[in-house]
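Thanks for coming, everyone. Let me put the structure up, and then I'll walk through it piece by piece.

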Amino acid sequence: MAAPRWHSPWTVLVLLALLAVLPTPAQSSVPLQPNFKQQKFLGTWFTVGLASNSTWFLEKKEKMTMCKSIVVETEDNALNMTITYFRRTQCHTWSFLLQRDGPPGRYRHTSPRWSGTREVSVVETDYERYALLYTQGSGSEGRDFLMATLYTRAESPASEALRKKFTAFTRAQGLTDQSIVFLLKADQCINDHR
């Protein structure tokens, strides 16, 4: 009796088709804010929590301070996010465009700086107090880049409840507690660029 031919071209095609329709862990584990309202998301946010698997981030996280982001809507319903932060001895501003990509609350950002496209998801927000965003894509270090960001509307450290929520979410995405930093003090750029 001949052994089954698992490596036949048809078997390979069927297996590839099955793999193509299965959700990847990143797709299935990152929720979106139900009924996301982009207009309510606009305005000023303060970064109070970050978590990432990036080597650069892990090396710099202890020196980071709270920074400010301003989100405005463009004519084509994309989001322009401008971040003001302190680096070395001065304030810097960095803007990037988040294009809508799929259901409300999911965006993509293409940057020559990272030489790739990243998906940004608004995981959870109440629009008035906090927002939790998750970014994933290709990284410059030869592995997937993952980052969770906790924003608040107030220029103050995250509450204990928000810290717990953020920590639980980052753990669920496979990030370790060592990859998390809560930003306790505002940098001087927040006040200089109101």
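**Strands, cores and rings**

Start at the hairpin of β4 and β5. Five residues sit between its strands, and G102 there has a positive phi, near 105°. Keep in mind that this is a predicted model.

Strand β4 covers residues 90-100, strand β5 covers residues 106-111, and the two run antiparallel, joined by two bridges. Now go to the next strand along. β5 also pairs with β6, residues 116-125, again in the antiparallel sense, and here there are six bridges. In that pairing, Y107 stands opposite V120 in β6. Hold on to Y107. We come back to that residue.

A quick overview. The secondary structure comes to six helices and nine strands. The chain has 194 residues, and 40% of them are buried. Take the contacts with a separation of 6 or more: 54% of those join residues 24 or more positions apart.

The largest nonpolar core has 26 residues. Which residues have the most contacts inside this core? They are Y134, L150 and F166. The elements giving two or more residues to this core are β1 (43-52), β7 (130-138), β8 (144-152), α5 and β9 (180-182). β8 gives the most, with five residues.

Look at L150 in detail. Leaving out residues up to four places away in sequence, L150 touches F46, T47, V48, G49, A131, A158, L162, F166 and F182. F182 turns up again elsewhere. R163 lies over the face of that ring, at 4.5 Å from the ring centre.

Take F36 and Y107. Their ring centres are 6.5 Å apart and their planes are at 80°, so this pair is edge-to-face. What does the pair tie together? F36 lies in the loop between α2 and α3, and Y107 lies in strand β5, so the pair links parts that are 71 residues apart in sequence. Buried or exposed, these two? Both F36 and Y107 are buried.

The pair belongs to a wider group. F36, F41, W45, Y107, Y127 and Y151 form one aromatic cluster. W45 has a charge above its ring as well: the charged end of R153 sits over that ring, 3.7 Å from its centre.

W45 leads us to S69. S69 is in strand β2. Its relative accessibility is 0%, so S69 counts as buried. Beyond residues up to four places away in sequence, S69 touches G43, T44, W45, T47, M81, T82, I83 and Y151. W45 and Y151 are on that list, and both are in the aromatic cluster.

Now a helix residue. T170 is found in helix α5, residues 160-172. With 0% relative accessibility, T170 counts as buried. Where does its side chain reach? The side chain of T170 reaches the backbone oxygen of T167, at 2.9 Å. Setting aside neighbours within four places in sequence, T170 is in contact with A51, A148, L175 and I180.

N35 has a phi near 50°, which is a positive value in a residue other than glycine. N35 lies in the loop between α2 (25-29) and α3 (38-41), the loop that also holds F36. Relative accessibility is 62% for N35, so this asparagine counts as exposed, whereas F36 is buried.

The other asparagine is N77. Its phi is near 65°, again positive in a residue other than glycine. N77 is placed in the loop between β2 (67-73) and β3 (79-87). Relative accessibility for N77 is 35%, so N77 counts as partly exposed.

That's the tour. Over to you for discussion.

How values were computed:
Residues are numbered from 1 along each chain as its sequence is written. This is a predicted model: local features need pLDDT of at least 70, side-chain atom pairs count only at pLDDT 80 or more; totals for chains, interfaces and linings use all residues. Side-chain values use heavy atoms; hydrogens and water are left out. Helices (H or I, at least four residues) and strands (E, at least two) are DSSP runs, numbered from the N terminus. Buried means under 20% relative accessible area, exposed over 50%, partly exposed in between (1.4 Å probe, protein chains only). A polar contact is a pair of N or O atoms within 3.5 Å; within protein, one must be able to donate a hydrogen and the other to accept it, and residues adjacent in sequence count only if both atoms are side-chain atoms. Contact means heavy atoms within 4.5 Å. Two strands pair if DSSP finds at least two bridges between them. A nonpolar core is a set of buried Ala, Val, Leu, Ile, Met, Phe, Trp, Tyr and Cys residues joined through side-chain atoms within 4.5 Å. Rings of Phe, Tyr and Trp (its six-membered ring) pair if their centres lie within 6.5 Å; planes under 30 degrees apart count as stacked, over 60 as edge-to-face and the rest as tilted. A charge sits over a ring if NZ of Lys or CZ of Arg is within 6 Å of the ring centre and within 35 degrees of the ring normal.
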